[in-house]
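Please examine the model shown below. The paragraphs that follow lead through it step by step.

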Amino acid sequence: MTVNGIGYWVFAALAVMAAVAVVASPSLHRAAFALAGLGGAVGFLFVVLGNELLFAFEVLVYGLAVPALIWVALDLAGARVRREDRRAGDHTGWWPFALAAACGLGALLLGVFAVSSGSWTTGSPAGDESTTRQMGELIFKTYALPFAVSAVLLLTALVGAVVTGRRDDLEEELEAAEEARRRREDRMRRRREDRERARRAQRPAAVGAADGDPEVEP
Amino acid sequence: MYNLAWAVILLPLGGFLFAFLPESPKRAAQVCVTFTGFAFVVSLVLLGYRLGHIHANPYLSNLTFWTFDPGQRVQGTFISDYHLQIGVLVDSLSVVMLSVVSLVSLLVQVYATGFLRRDDGYTRHFTALALATFAMLALVASTNLFDLWIFWEVLGAIFYVLVGHWWQRPEAAAAARRMFLITRIGDLGLLGALVFIWAKLSAYTAALPFAAGQPVNDPYGWFTEQKAWPALLAGKVHGSGPRTLIAVALLVLLAAVAKSALLPLHTWLRGVFEEAPAPVTALLSTVTLTAAGAFLVARMYPLFQAAPHMLTVMALFGAATAVVGALVALAQRDIARILSWSTVSHLGLVFVALGVGAYSAAMFQLIAHAWFKAVLVLAAASLVAAYRTTDSHEISGAWSRMRTTSLGLLAGAAGSAGVVLLAGFWSVSAVTGGVIDNGGRLGGVPRALVLIAVIATMLAGAVYPMRMFFRVALGELPKRRGFQPQRVREPGGRMTGPIAILAVLTVVGGFMGLPRVRASFFNFVYAGTAPQSQDGLLAGLAVTAVAGLLGLAVAWMLHTRQLRAPHLGRVGAAFAHELRIDEAYTWAVERALVRTAPLVGRVDHEAEHRVFDPVGGGVVAAAEAGRGWQIGRVDAVTLSAVAGVAVVAGAVVLGATGHLPWLGGTR
Amino acid sequence: MNVGVNHFVALSGVLFAIGGFGVVARRNLIGVLMSAQVMLSAGVLALGAFARFGYRGTHPLGGGAFALFAVVSGLAEVAVGASLLLLLHRRRDTLQADDLDDLRG
């Protein structure tokens, strides 16, 4: 069984480049963009494999939803890298060890597959009918329970995200204090500007008004 | 239908668990009482059903958690079958005991709601009572010796908690400790018996055909043992003989002696009566702890029937206990002590009956004792609470102010004394009848000794309860300094209700011992395959009636000073001090400890210095050295996790593919 | 030119290793989250490949269903992970792994 080779090599190269960009890029925004690219590349690899439903899912989730979430998080949390770290990139000090560990893990996986793939059972490959239809039958008939459970999982994740996003009383107080301070400063600044304007407007005809308008102070 | 027995056992346990839910102690107590009440109702249903099928086979139901059944020889020793289970056995004895235990527990708990009204440990008391009820019910319904032992231990632990309810008092803590330690001796005996049985009988019982309701044949099942003991006597079991029987029987008897407070292991019971709350005492001394010892012997009766001379030994122990108990009680003036020695004496009678072969009479005595002792304890506790003293010479005039409690006290005292037609009368006469009739099993001299002891017990036992009642109830209120007469009034319905119910039971409960009636107790609970003959019962009735009336007359005359109590000098003083047995034990233990304690201290100190300190120091040094590696940063943790996974997975994979021969593999 | 399952598995392994490197070596925790998603993508790719090439249990394309549920789980993981990281940022004002050393022994 084989699939089209050109599609594989093109998108495989794209995927690897995107993954390296995700992992090694000093700017987190660019890394999120690269993650979207990875999602697209893997999605197209699914097209090469003939599974359109997975393509749609992959592109929607990893190409759009996940990067969007990450972007929002980056904006809220501030992805400003400290200046002293910028030259060092976004990596920790012991990245050689990490490289070694990752290579070891990768070699392990490939080695396991190479050694044992001969004894894995194979059935007949997917038939000629549309894979989307087959996938649909699998999701909604055979694996209906996991489907429902994933829906509950997403709901739980949603609720969890909302709950962790709440601010507790202390944070509310701090925010309220910040807000009040900012408003007070704005008000005082505006009043100062108004007084300045009034003084400048009154200076040409200053002689007559010995006691000018009393400044109303709240 | 018989599966209702599961409900009877588990309802008090449910009460224990659910009692933790409510916030207010009052509600928790109500939960416990309700569950126990339900258990009692169900047990009555079960009793009624069983009464309709008197001679049916016993019913076994087991819930097995784990089975281990090699049933074969492993390296020379025989590993028998074993299964970890909990089960219910419904036969006549267990169904009667289930009803009695649940009823007394229910009444005692209702009494406790009033008695401990403003106590700090209210909830704790009730949850422990519920758990104790569960343990006793499960013990009574247990299907084999191992289960019984488990619940035996649970019972001992729970009663340690209950007896030490007011543990802030050092005397109470000491009493609880004494109870636990002395009954522990008995527990060791039971454990030894279990080990012995396993070692000697495993191979034999594993080869027997399966008994009904038992998934595997382990040597602890009642019905397996029933077959095993006679076979052992007949020499069919490899490596054991009559001496094994005697050894096992002695160990079981040790357990029963300690738990049922027979001489010489009786000293803990007085502490319980003096220091434990009255509901606990009532429960403990009637249907739970002390009854457990007698119940154990009843269940192991085939063992005692097979072992030579063991029944005689038991009868002699029981007789000595009964007569000493009655005589010492005669010499006491403190109500708590009178009651405790009365309990000892009546339990001795139970064992006398068991020893002479009058199984039904023994169980009947146990149950009748439950009625009148419970009412005595509860009524006495109400009196003590009202008069603020336990000295019977300082209490008087209760009849006029606390009528219901005094009536209860009267019923209990008269029942204990064996006054005609009350429960105690029927039961003690059954015991006496058993001695007269079946005493033929004993030899000549033991039989005569036991008979004399029983009659002496009856005579003395008729005097002291009635004397106590007359002194306490009749007359006028005391006029000593500081006494407040307005405190002496009837307590609330929650405390007088159980007393009244138990008093009624004392009066009518004896009628189930009527001879030759179809639903009589003797037709219902018996050892072996047929009810025993009751030929000696009429003679027993006559003797008991005479002794009871005689004792009543003597007590009345003592009270009205027509008779003067004789001064017995030093003998009397010895009995008043309970023969100083407890003090002897304390002295002996202290001497032993004084000898060995310094040596133990030295060993402890040396071991600590030479062994434990260096080891501990080494561990601490290693930990300090390792601390430097733990910088705790998130990325460090992640790195070590990933690297660790890689290493371990690599080792597993290499090992599985055979590249690491010392790790094992499939290739 | 035709490729078989081995190629896809090799690609999956390479992507997994790259993602693993990122998880360990990235300093900002949001970067760690993204690298974890790379690893998950690699796994999903392998599952899809196995499904296509006939390595299956009882159902044809069973691996595809597995892959789909894995994608959904990954999405839930990112959602909760991002919100947790935001909470952490609010409390500690940092998301750098250097500053988070509470487990110091």
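In this predicted model, helix α7 of chain A has A:S150, A:A157 and A:A161 as its buried residues. Viewed along the axis of α7(A), these buried residues fall within an arc of 30°, and they therefore line one face of the helix. Among the elements that cover them is α3 (62–92) of chain C. The face of α7(A) turned away from the buried side carries exposed residues, including A:A144, A:L145, A:L155 and A:V163. The length of the helix can be checked as well: α7(A) comprises 22 residues, 144–165, and at 1.5 Å a residue it should span 32 Å, which agrees with the 32 Å that separates its end C-alpha atoms.

The largest nonpolar core has 212 residues, of which B:A132, B:L155, B:V252, B:V352, B:V375 and B:L378 touch the most other members. Helix α15 (residues 359–387) of chain B supplies the largest share of this core, 21 residues. Both domain 1 (1–307) and domain 2 (309–576) of chain B contribute at least three residues each to this core. With its neighbours within four places in sequence left aside, B:L155 is in contact with B:A132, B:A135, B:M136, B:L139, B:T288, B:L289 and B:A292. Another core, of 95 residues, lies apart from the largest one and includes A:L53, A:L74, A:A77 and C:I18.

There remains the contact between two of the chains. Eleven residues of chain C meet eleven residues of chain B. On the chain C side, five of the residues that touch chain B are nonpolar, two are polar and four are charged.

Key. Residues numbered from 1 in each chain as written. Chains lettered and ligands numbered in written order. Predicted model: local features only at pLDDT ≥ 70, side-chain atom pairs only at ≥ 80, totals over all residues. Contact = placed C-beta atoms within 7 Å. Nonpolar A, V, L, I, M, F, W, Y, C, P; charged D, E, K, R; others polar. Helix = DSSP H or I, 4+ residues; strand = E, 2+ residues; numbered from the N terminus. Expected span 1.5 Å × (residues − 1). Buried ≥ 20, exposed ≤ 12 C-beta atoms within 10 Å, placed from the backbone. Arc of directions from axis to C-beta. Core = buried A, V, L, I, M, F, W, Y, C linked by C-beta atoms within 7 Å. Domains from an automatic or database assignment.
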